[in-house]
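Here are my notes on the structure, as numbered points. Please read them with the coordinates open.

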Amino acid sequence: MNFREKLIQLRDGRNLSQQELADLLGVSRQTVVRWEAGKSVPSVNQIPDICSAFGVDADTLLGISDSGSEKPPSDVDRENEKRKAKQVKLTTLIVFGVLIAAAVAGLIVTICYAVKDGAYDTSSTVWIVSIPQNTPMIVLSVVLTVFIVLLVVFFIRIIRKWK
């Protein structure tokens, strides 16, 4: 419960009109109307007067200690949370993009190196890739391919989760 709701509840509980409350606090009725409408709040100097008029502490009056609950987030807080969420999403997409690009570049370099080490048979005009000699390159190519596939799958799952 926020301040304006608490003030209305306390005033109604004491069967006071807005004018009676205003007279009790030494302010105008319009001031009480603005407080209850949520258009303004009392000054720091007025809070103790209001608390003593109703016999409550400032935490209760301001809605800070309502059953241990916190006051709801403001529009500014919500906008900041949205902005942070967008930044996290963008950072995640960039990281996945860089990882995928690095893995694809590594796979291309590995395949080019494996083919470069292959022997060219002039009699049959074909490239022969010697398996025993290039086994590490083939294994690396397979590992990089699996890594790329996993990155792409996770990337797609994250994008679908955000929709």
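1. Salt bridges. The structure holds 2 salt bridges. Keep in mind that this is a predicted model.

2. Arg11 has a relative accessible area of 10%, so it is buried. Asp12 is partly exposed, because its relative accessible area is 43%.

3. The network. Which residues do the shared partners join? Arg11, Asp12 and Glu36 form one network of salt bridges.

4. Surroundings of Glu36. Glu36 lies in helix 3. Its relative accessible area is 6%, so Glu36 counts as buried. Leaving out residues up to four places away in sequence, Glu36 touches Arg4, Leu7, Ile8, Arg11 and Gln18.

5. Nonpolar core. The largest nonpolar core has 15 residues. Leu7, Leu25, Trp35, Ile50 and Leu61 have the most contacts inside it. Helix 1, helix 2 (18–25), helix 3 and helix 4 (47–54) each supply at least two residues of this core. Which helix gives the largest share? Helix 4 does, with 5 residues.

6. Leu61. Neighbours within four places in sequence are set aside here. Leu61 is then in contact with Phe3, Lys6, Leu10, Ile47, Ile50, Cys51 and Val56. Ile50 is also listed among the core residues with the most contacts.

7. Aromatic pairs. A search of the whole structure finds 2 aromatic pairs. Why is the pair of Phe3 and Trp35 edge-to-face? The ring planes of Phe3 and Trp35 stand at 75°, and an angle over 60 degrees counts as edge-to-face. The ring centres of Phe3 and Trp35 are 6.5 Å apart. The pair links distant parts of the chain, with Phe3 in helix 1 (residues 3–13) and Trp35 in helix 3 (residues 29–37), 32 residues apart. Phe3 is buried, at 9% relative accessible area. Trp35 is buried too, at 2% relative accessibility.

8. The other aromatic pair. Phe96 and Phe155 form a tilted pair, 6.2 Å centre to centre, with 55° between the planes. Phe96 belongs to helix 6 (residues 75–116) and Phe155 to helix 7 (residues 131–162). The two are 59 residues apart, so this pair also links distant parts of the chain. Are these residues buried or partly exposed? Phe96 counts as buried, at 15% relative accessibility. Phe155 is partly exposed, at 24% relative accessible area.

9. Surface patch. Ile138, Val142, Val146, Leu150 and Phe154 form a nonpolar patch on the surface. Together they have about 420 Å² of accessible area. Val142, one of these residues, is placed in helix 7. At 48% relative accessibility, Val142 counts as partly exposed, because only values over 50% count as exposed.

Conventions: Residues are numbered from 1 along each chain as its sequence is written. This is a predicted model: local features need pLDDT of at least 70, side-chain atom pairs count only at pLDDT 80 or more; totals for chains, interfaces and linings use all residues. Side-chain values use heavy atoms; hydrogens and water are left out. Rings of Phe, Tyr and Trp (its six-membered ring) pair if their centres lie within 6.5 Å; planes under 30 degrees apart count as stacked, over 60 as edge-to-face and the rest as tilted. Helices (H or I, at least four residues) and strands (E, at least two) are DSSP runs, numbered from the N terminus. Buried means under 20% relative accessible area, exposed over 50%, partly exposed in between (1.4 Å probe, protein chains only). Contact means heavy atoms within 4.5 Å. Patches are made of residues with over 30% relative accessible area and no salt bridge: like charges are joined within 9 Å, nonpolar side chains (Val, Leu, Ile, Met, Phe, Trp, Tyr) within 5 Å. Accessible areas come from the Shrake-Rupley method with a 1.4 Å probe; for residues, only the protein chains shown count as cover. A salt bridge is a side-chain nitrogen of Lys or Arg within 4 Å of a carboxyl oxygen of Asp or Glu. A nonpolar core is a set of buried Ala, Val, Leu, Ile, Met, Phe, Trp, Tyr and Cys residues joined through side-chain atoms within 4.5 Å.
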